[in-house]
Amino acid sequence: MQVTAIKRLSTSAPDFQQRLDALLAWESDAHEAVQHTVAEIIRDVRWRGDEALLEYTGRFDRWSPPDAAHLEIPAARLAAAHAQIPAAQR
């Protein structure tokens with residue numbers, strides 16, 4: 001498991017703007033890479049359906065449900081979770 005430290009920036013540091021620009025530039029590149037990966041996954045799931053969905057579930061969630069129906073969250077469970085969120089946050 002890879003651990004990533006949170007970078008701390010101080011606006012009073014002499015190299016603040018340079019470090020911030022470098023961080024934002026990396027995030028822009030990473031954003032494009034993520035968008036590309038997401039598009040590939042969506043295309044694969046559309047093409048191969050449940051088979052691809054179950055493969056990605058195993059890969060990303062390390063869970064192998066017997067079929068795609070087991071991925072569905074029952075409406076009652078969703079309603080209970082929704083009810084626990086304070087109204088201001090909903």
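Tutor: The term pLDDT denotes the predictor's confidence in each residue, from 0 to 100. The model here is predicted: local features need pLDDT of at least 70, side-chain atom pairs count only at pLDDT 80 or more, and totals for chains, interfaces and linings use all residues. Residues are numbered from 1 along each chain as its sequence is written, and side-chain values use heavy atoms, leaving out hydrogens and water.

Student: What pLDDT does the protein average?

Tutor: The average is 90, and 92% of the residues score at least 70.

Student: Which element has the lowest mean pLDDT?

Tutor: That is α1, with a mean of 87, whereas α2 has the highest, 96. Helices are DSSP runs of H or I with at least four residues, numbered from the N terminus.

Student: How many salt bridges does the structure hold?

Tutor: There are 3; a salt bridge is a side-chain nitrogen of Lys or Arg within 4 Å of a carboxyl oxygen of Asp or Glu. R48 meets D44 at 2.8 Å, E55 at 2.9 Å and E51 at 3.3 Å, N to O. Together, D44, R48, E51 and E55 are linked in a network.

Student: Why are D44 and R48 separated by about one helical turn?

Tutor: Because they are 4 residues apart in helix α1.

Student: And is D44 buried or exposed?

Tutor: D44 is buried, with a relative accessible area of 18%, while R48, at 26%, is partly exposed. Buried means under 20%, exposed over 50% and partly exposed in between, with a 1.4 Å probe and protein chains only.

Student: New topic. How many aromatic pairs does a search of the whole structure find?

Tutor: The search finds 1. Y56 and F60 form it, and the pair is stacked, with 5.8 Å centre to centre and 5° between the planes. Rings of Phe, Tyr and Trp (its six-membered ring) pair if their centres lie within 6.5 Å; planes under 30 degrees apart count as stacked, over 60 as edge-to-face and the rest as tilted.

Student: Where do those two residues sit?

Tutor: Y56 and F60 are 4 residues apart in helix α2 (residues 50–61), so about one helical turn separates them. Y56 is buried at 16% relative accessible area, whereas F60 is partly exposed at 44%.

Student: What about T57, buried or exposed?

Tutor: T57 is also placed in helix α2 and counts as buried, with 6% relative accessibility. A polar atom of the T57 side chain lies 2.9 Å from the backbone oxygen of L53.

Key:
A polar contact is a pair of N or O atoms within 3.5 Å; within protein, one must be able to donate a hydrogen and the other to accept it, and residues adjacent in sequence count only if both atoms are side-chain atoms.
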